[in-house]
Amino acid sequence: MQQSIRYLLDQNMLTADLEQYTIQEGKVEHGIYLSSLQRKGAALFCLCRDEERRVKYVLMLSASADAFPTFPGQRMREGEFMVATSDLTPKLAVFLRKEFPYTAPQSLRDKNATFGTGDRLGNANPAHVRAVRSFNIFPVLAQQSIRELNFTRRTFQDVVDAATFAVFQEGYTGGYGADGDHLKNIPEIKKSLESGATMITLDLSEVMNATAANWSAAQILQSYQQFPKNEVVRLEKTYLNSTFTLQNGLALTFSTLELQRCCVMYSKALRFAKEAYDLLVEVRGAGNFDFEMSIDETETPTLPLHHVFIICELIHHGVKVDSLAPRFIGEFQKGIDYLGDLKEFEAQFQIHSQIAKTYGNYKLSIHSGSDKFSVYPTIGKWTEGHVHVKTAGTSWLEAVRVIAMYEPALYREIHTQALNSYQDALKYYHITADLDKVAPLDKTRDADLPRYLEQPDSRQLLHISYGYVMGDKALRARLYDALFVHEDAYLQRIRDHIRKHVRLLGCQER
Ligand SMILES: O=C(O)[C@@H](O)[C@H](O)[C@H](O)C(=O)CO
């Protein structure tokens with residue numbers, strides 16, 4: 001710390017033109033992230049790294065002793081100056097969001113292309129900032145599902161705080177979102193809102209009747225006959241003998257059976273969506289939150305006709321969605337490219353994007369967007385850049401790649417933990433990896449370990465086992481330590497890899 005203080009004083013940072021320092025992306029000088037340098041009032045703030053403790057902290061330097069009394073750090077005299085430091089704690093995050101509002105999450109509402117960069121470890125967001133800040137795309141830096149939080153033993157507040165610190169470290173003032181992802185009940189929604197979520201992704205996959213997609217006409221009718229008569233009258237008046245014409249002229253109509261099927265599949269889920277939406281309006285006020293509905297993790301693809309039914313019913317119930325995640329045709333499996341016929345995908349994706357344009361110009365949301373490079377150009381083309389994409393696993397896999405490159409012994413322990421937990425992990429993620437195609441670890445030289453991050457089956461093995469690696473206390477500590485030491489390589493790999501996603505989506509550099 002002393003060398004950091006000495007450097008700040010020698011450079012007269014309390015009065016110097018800081019821009020000559022802050023424009024140097026990723027530059028660390030005497031333990032100081034130069035991009036973080038910020039002057040406010042009589043004080044100078046910066047984010048630093050302590051190589052010995054392998055932690056980061058914020059340092060405040062001021063000529064006056066009583067500068068920012070709410071800064072939650074330890075204070076000490078340094079000659080005629082006051083110096084205070086605080087490790088990256090929740091109290092510090094609150095202070096930064098208050099004193100530097102650009103470090104607080106904000107709405108995606110008026111942003112065209114938006115990109116979720118889930119950070120399961122909480123140390124990758126600086127790379128996500130570096131990846132997108134020069135592109136016309138708005139990042140959702142704080143994005144984690146309940147599943148991820150349970151696996152990583154983190155809270156959504158931890159996720160928002162990590163994004164706060166990353167934004168401060170990078171001196172990024174372009175704004176970011178915070179997405180409480182794949183929420184399935186009211187308590188989870190309330191907790192996300194309390195933690196500062198600006199976006200709520202409501203996962204309806206468990207509350208909808210997905211299996212009815214394959215029911216017979218008789219099964220559907222038996223269920224449909226339980227519906228209240230007045231509701232049946234409204235539904236049949238609205239959807240039967242009507243044509244739903246999309247902006248591109250495509251006309252869709254409901255048969256009696258398909259209307260009944262939609263009612264049986266989605267009515268309960270739509271009621272829950274209305275309940276959740278009304279809670280958001282009550283807590284935040286209409287228009288003060290971003291609302292996404294996701295059914296991307298259902299067994300069967302969302303038919304375009306069903307998408308029309310869902311959005312028309314949401315509109316009928318007064319629910320305004322900012323984005324909607326259908327289950328697209330083919331497979332968006334974790335950590336690997338799209339699986340399916342690209343022409344079929346494009347044909348159906350075009351219709352889904354037309355539905356979104358026709359019924360409110362909300363965004364299609366692409367979940368499991370990690371590494372889906374073969375479909376990104378199509379997605380960018382038909383949404384014309386008005387789209388939301390979510391990634392998370394790809395940043396985790398880049399962390400594992402850095403470990404494979406620089407810490408082979410640690411990688412071998414991670415790989416072994418992944419193999420040992422694979423069967424259990426399969427309960428939480430749908431993948432079709434073939435472990436017989438994964439080269440035996442004991443037959444793989446250290447120099448070849450990074451190849452596991454190139455092979456689809458081992459990528460998926462390493463992806464879905466993140467929770468079991470992070471759930472092992474010793475392994476978790478060594479993983480964070482190693483990524484602290486190799487931070488430059490880690491952040492550069494993620495920056496470049498996320499940029500590959502963004503470029504293929506067709507996003508332009510500013
Ligand atoms: O693994 C998860 O739970 C999340 O990554 C979740 O799937 C998220 O919605 C996503 O699609 C990110 O790729």
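For sorting residues here, Ala, Val, Leu, Ile, Met, Phe, Trp, Tyr, Cys and Pro count as nonpolar, Asp, Glu, Lys and Arg as charged, and the others, Gly among them, as polar. With that in hand, look at the ligand in this predicted model. Its shell has one nonpolar, nine polar and four charged residues. Of these 14 residues, Ser145, Arg147, His367, Lys390 and Ala392 come nearest to the ligand. Helix 5 (146-152), strand 11 (178-183) and strand 18 (387-391) each put at least two residues into the shell.

Nine strands make up an open sheet with parallel pairing, and reading across you get the order 9-8-18-17-16-15-12-11-10. Strand 9 (138-140) and strand 10 (142-145) are the edges: each has a single partner strand, so one side of each is left without a neighbour in the sheet. On average, neighbouring strands of this sheet are turned by 20° against each other, ignoring direction.

Strand 10 runs parallel to strand 11, and the two share four bridges. Here Gln144 sits opposite Gly180 of strand 11. Lying across both strands is helix 6 (residues 156-170), which runs at about 155° to strand 10.

Finally, follow helix 10 (residues 256-284). Still, helix 10 has a kink of about 50°, centred on Tyr266. Just past the end of helix 10, Gly285 adopts a positive phi of about 95°.

Methods
Residues numbered from 1 in each chain as written. Predicted model: local features only at pLDDT ≥ 70, side-chain atom pairs only at ≥ 80, totals over all residues. Near = placed C-beta within 6 Å. Bend = angle between axes of the 7 residues up to and from the residue. Pairing = 2+ DSSP bridges. Axes fitted to C-alpha atoms, helices over the stretch in contact; angles between N-to-C directions. Contact = placed C-beta atoms within 7 Å.
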